[in-house]
Amino acid sequence: MSRARSGALARVSDALSKLLLRWYPLDFREEMGPAMREAYRDRFDDAVRERGVPGLVLAWCAALADAMRNGIGERARPSIRWRRSGRWGRDAERVVKRLVRAPVFALSTIATLGIGLAAFAIVYTAVSNVLLAPMPYDRPDGVYWVFRDYPWLGLERSSAAGTDVDALAQLDVVEHAAAVRPPRGVTLTGAGDGGAERPREVRRMVVSPALFPLLGVAPMLGRVFGPDESGPGRAPHAVLTHGLWASLGADSSLVGRSIRLEGQPFTVIGVMPPSFRFVRPTGTSGSQGADVYTTLEVRLAEADPQAGNYAALLRARDGVGRDQLEEAVASVGRTVDREHFESHGLTLSAVGAHEDLVRDVRPALTVMAVAAALLLAVLVANLTSLLLVRATQREREFAISRALGADGAAIARATVLEGAVLGAIGGAIGAGLAWWGSHALAELTPVTFPRREDLALDPAGALVTVATGLVLGVLAGLIPGVWAARLQLGSLMATANARSGGGRATLRRAMLASQIALSFILLCSGTLVVRTLDTLLRADPGFDPANVTTLRVPITGQRFPEAEDAARMQERIERALAAIPGVTSVGAVSELPMQGSADQRPMLFPGAPGNTGEADHDRPVVDVFYARSGYVETLGARVVEGVPFQRPHRPGRAEVMIDETLARTFFPKGGAVGRDIHINDDTATVTAVLRQLRQYDLHADGRPQVFLRGEDWAYETMSWAIRSSIDPSSLAPAIEAAVHTADPSLAVASVRPMTAVVEDALRERRLTATLVGGFALVALLLTAVGLFGTVASAILRRKHELAVRIALGANHGGVLWMLIRESARLVLIGLLIAVPGFLLVRRVLERVLVGVSTSDPATIAGVALGLAGIALLASYLPARRVLRIHPATALREE
Amino acid sequence: MDRERSFERFLPLRPVEFGILLSLGEAERHGYGMIKDAAKRGIVRAPDVGTLYRALRRMTDQGLIVESDRRSAHDVDDERRQHYRITPLGRRVARGQALQFAALARAAVEGGLLEGGAL
């Protein structure tokens with residue numbers, strides 16, 4: 001064989017042996033490759049020598065088959081061995097040890113995660129238990145409220161008439177229909193042994209007997225009302241909630257015994273289970289539950305078809321779809337409209353009970369959920385950056401273990417596990433914080449907040465929090481994990497001198513840019529929500545709540561059969577309250593401002609200049625209140641025209657006060673005072689025009705208001721307002737004592753300052769503002785710390801280069817700018833990403849904002865500038881260190 | 001006892017592994033040397049390069065053999081030609097495997113599968 005030919009064959013063999021080695025994984029190749037190539041060369045040499053070219057080809061084929069088999073086997077080996085020997089446990093142990101060795105990193109990361117996840121847990125619990133959980137009724141999807149809408153009056157979600165409920169009950173698609181009166185405070189006496197306990201107010205709901213079968217909830221003790229236990233002359237039976245029963249001593253023998261409501265005996269026939277929850281929607285905001293249920297004393301079919309006095313609740317028959325039910329309800333509405341409203345356009349509409357319950361809080365909870373999700377994203381980005389830094393510190397270790405045969409999965413696992421351990425611990429701490437925090441939150445929410453009692457974190461929520469932490473940690477660990485797994489010793493050596501950071505620096509920058517973007521979105525949302533709260537805090541409610549104390553004293557006709565007795569009792573209460581030292585004036589009203597509920601009646605101004613001849617316009621439905629003389633002065637309401645109710649009351653002359661909106665409609669040029677108004681089949685004379693006392697929203701007028709003289713309607717349970725020259729909070733004992741001097745059997749309920757009543761109306765807004773604002777600040781802090789760290793580590797890395805620059809005469813400003821420029825670019829990129837992100841969030845946000853627009857340029861520009869300023873400051877602070885570099889020292893260190 | 005047990009977990013050896021230990025039991029050798037040795041013995045089919053080196057790496061990890069510093073005189077200058085040496089553990093494992101084979105062979109004779117003379 002010629003030398004040239006054997007040389008060519010050797011070259012082919014050598015190339016082939018190189019190719020054969022490609023079958024093996026990198027680590028194996030690096031370790032065994034050189035020796036194997038020698039062995040291949042020997043083997044192929046021998047093959048040629050012994051059997052010529054055919055022998056060599058045979059040897060090539062055999063070597064190829066062998067390499068394929070063993071190469072694949074070797075690649076599969078680590079995963080098989082890893083699965084067999086369960087190295088997860090050992091790795092986890094190692095991760096924990098490493099974290100213990102870096103306590104500052106571990107603690108700060110866990111604390112950040114804990115706080116973030118606690119926020120998540122609280123919002124998650126609220127969203128899941130309030131927005132998502134089904135109502136605790138049998139087949140909850142089949143339960144609907146029916147509301148009257150008066151489109152020509154701009155009134156929606158108004159109460160239905162008794163006749164409506166009666167008509168609805170006749171529908172084929174309806175299994176049950178129940179009428180529910182608004183819950184009212186009544187005085188409970190005579191419960192328990194001897195009835196010697198202090199009178200107190202309980203909330204009573206008067207309902208149709210159909211209510212309980214409709215909800216499909218069975219009593220815990222005794223029974224619920226039978227179908228006939230309603231109407232005139234009905235037996236005085238009462239069903240108690242578990243809460244009231246428990247507060248009366250939780251005595252099961254109470255069933256069958258008698259309690260007194262407003263002095264009237266009622267036999268307790270049943271007690272509901274503790275899980276029973278039922279609230280009636282009242283007007284436009286809030287819902288109210290009751291402590292005790294009794295049945296109607298009237299026949300629904302005989303009720304006034306014009307008067308919306310009842311909330312109507314329906315149970316659809318099984319298999320009846322929503323559309324079918326809505327259509328049937330609407331058809332009843334059309335009949336009512338034709339027969340009683342001269343086809344003005346009255347409609348009846350059915351709304352799912354759950355949907356109705358959460359409609360007011362849905363926007364706020366949605367905003368909180370979005371904010372919590374954004375915060376989680378910031379946490380992931382932040383944790384990713386931190387783990388990336390940690391992985392970078394171990395770059396050499398990874399590359400060397402990789403070269404020594406650790407496969408990529410094993411290295412990725414180390415980082416992912418680190419994230420998972422941190423995430424799970426953070427989740428556990430977050431769940432702990434949230435357990436405490438959600439109880440505080442439940443306290444902070446307004447009492448009208450739906451399902452307020454379900455806001456506390458439950459075990460399922462805690463589990464979800466820990467799992468979320470774990471997933472978040474794994475996600476955050478994956479990016480640095482994949483990066484580390486792809487490290488190769490060769491590439492590390494190649495970049496060792498450049499110290500540029502390469503791929504991981506790009507990753508970190510991406511994380512920081514997304515953190516900046518997310519922070520911007522959160523900060524904009526937070527600022528807008530806080531500005532909304534500010535708008536509301538500045539809003540004029542139409543009265544002056546400072547130094548006013550409120551309370552309620554239930555007075556009903558059952559208790560005082562003669563109207564004069566009731567009137568005299570109101571007088572006595574008024575005198576007793578006025579006699580309290582420090583009290584400057586006393587007034588009373590059927591419903592205080594900001595309660596979100598009122599009776600509604602149609603009214604007429606015969607002969608007013610504003611009448612158009614159209615009945616729609618001339619006969620509006622208004623909010624009706626009963627107010628005693630002194631109320632306007634006590635509350636500090638503003639009188640636009642005329643004189644409010646004066647003492648003494650002259651019987652026989654009915655007086656009303658109206659609000660500005662009503663006066664403007666009917667008397668555009670003024671002159672409402674002295675005119676007659678028709679309401680409740682009565683005629684009364686307007687004595688004054690008031691600024692509207694805000695009843696629903698703090699920032700906007702509600703329905704037109706009419707105040708009837710309370711002295712004429714003595715049976716109303718009055719809420720009292722007391723203006724004092726001393727601190728309202730110190731008045732409570734004196735108030736109770738004063739009411740009891742009038743009559744010791746009267747209950748005194750809800751004694752609290754008017755400022756607290758106003759505050760309650762703001763609670764939900766304040767909560768949203770606190771949570772979203774808090775989330776935004778945490779995001780900002782994390783971002784600032786991230787930028788600080790990046791610039792600081794860049795300076796450490798580039799110290800040598802910087803020293804050279806300074807030594808060559810670069811000015812300090814230029815060098816500083818060079819360092820900050822990077823951050824400036826990240827801020828710019830972040831803000832550019834944030835704009836489309838914010839557009840997505842805007843729509844959710846719009847529904848909770850008042851008096852400020854989502855595209856408010858001042859807010860957006862301010863937040864952008866502020867964020868940029870803080871980001872640059874966070875970069876400038878560490879960058880200043882560069883000025884302390886002494887070129888000679890730095891260069892000598894190298 | 002402990003020693004006995006400590007090598008038992010390596011048994012049974014694969015043919016290529018027993019071949020390597022057998023080959024290194026005589027002398028330190030490099031990879032291709034072991035292949036040639038096995039071919040010379042001819043008891044089992046000689047392993048190919050890949051099979052051999054995978055086994056070498058595995059057995060090095062297990063501590064049955066070690067890489068040796070020694071070079072044979074003619075390839076002193078060849079850095080890539082890695083030699084291997086058997087460890088005491090490797091020797092015990094090989095011995096244990098051989099004893100097992102012997103016991104099996106005796107059992108085969110007693111069971112009539114094998115002529116007595118074959119031993």
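How are α5(A) and α8(A) oriented to each other?

Helix α5 of chain A spans residues 162-169, and helix α8 of chain A spans residues 322-340. Their axes come within 10 Å and cross at roughly 135°. An angle counts as roughly antiparallel only over 145 degrees and as roughly perpendicular from 65 to 115, and α5(A) and α8(A) are therefore oblique to each other. The crossing in which α5(A) passes α8(A) is right-handed.

Helix α16 (residues 563-578) of chain A packs with helix α20 (residues 732-742) of chain A at an angle of about 145°, and their axes are 8 Å apart. Here too the handedness can be given: α16(A) passes α20(A) in a right-handed crossing. From α16(A), the residues taking part are Met569(A), Arg572(A), Ile573(A), Ala576(A) and Leu577(A). They meet Ile735(A), Ala738(A), Val739(A), Thr741(A) and Ala742(A) of α20(A). Sorted by class, the contact of α16(A) with α20(A) holds eight nonpolar residues, one polar and one charged.

Now turn to helix α10 (residues 362-393) of chain A and helix α13 (residues 459-485) of chain A, which pack at an angle of about 35° with their axes 8 Å apart. The crossing of α10(A) and α13(A) is right-handed. On the α10(A) side, the contact includes Leu376(A), Leu379(A), Val380(A) and Leu383(A), and on the α13(A) side it includes Leu472(A), Gly473(A), Pro480(A) and Trp483(A). No charged residue takes part in the contact of α10(A) with α13(A), which divides into 14 nonpolar and three polar residues.

Chain A also has strands to look at. Strand β17 (residues 599-604) of chain A is joined to strand β18 (residues 621-627) of chain A by four bridges, and the two run antiparallel. One point of reference is Arg601(A), whose bridge partner in β18(A) is Val622(A). β17(A) also runs antiparallel to strand β21 (residues 676-679) of chain A, with two bridges between them. There, Leu604(A) stands opposite His678(A) in β21(A).

Let us move to chain B. Three of its strands form an open sheet in the order β1-β3-β2, with antiparallel pairing. Strands β1 (29-30) and β2 (65-68) of chain B are the edges, each pairing on one side only. Helix α2 (residues 15-26) of chain B packs on this sheet, where it touches β1, β2 and β3 of chain B, and its direction makes about 90° with that of β3(B). Two bridges join β1(B) to β3(B), and Arg29(B) has Tyr84(B) as its bridge partner in β3(B). The pairing of β2(B) with β3(B) is antiparallel over four bridges, and in it Ile65(B) stands opposite Ile86(B).

How far can you trust the details of chain B? Its pLDDT averages 81, and 84% of the residues score at least 70. Within chain B, confidence is highest in strand β3 (residues 83-86), at a mean of 90, and lowest in helix α1 (residues 2-8), at 57. Over residues 1-5 of chain B, pLDDT stays under 50, and the model has one contact beyond four places in sequence for them. Where pLDDT is low, the predicted coordinates should not be read in detail.

Finally, we come to the meeting of the chains. In the model, 19 residues of chain A are in contact with 13 residues of chain B. The side of chain A that touches chain B is made up of ten nonpolar, six charged and three polar residues. For the complex, the predictor gives an ipTM of 0.82 and a pTM of 0.68.

How values were computed:
Residues numbered from 1 in each chain as written. Chains lettered and ligands numbered in written order. Predicted model: local features only at pLDDT ≥ 70, side-chain atom pairs only at ≥ 80, totals over all residues. Contact = placed C-beta atoms within 7 Å. Nonpolar A, V, L, I, M, F, W, Y, C, P; charged D, E, K, R; others polar. pLDDT = per-residue confidence, 0-100. Pairing = 2+ DSSP bridges. Axes fitted to C-alpha atoms, helices over the stretch in contact; angles between N-to-C directions. Parallel < 35°, antiparallel > 145°, perpendicular 65-115°, else oblique. Left-handed = near helix turned anticlockwise from the far one by under 90°.
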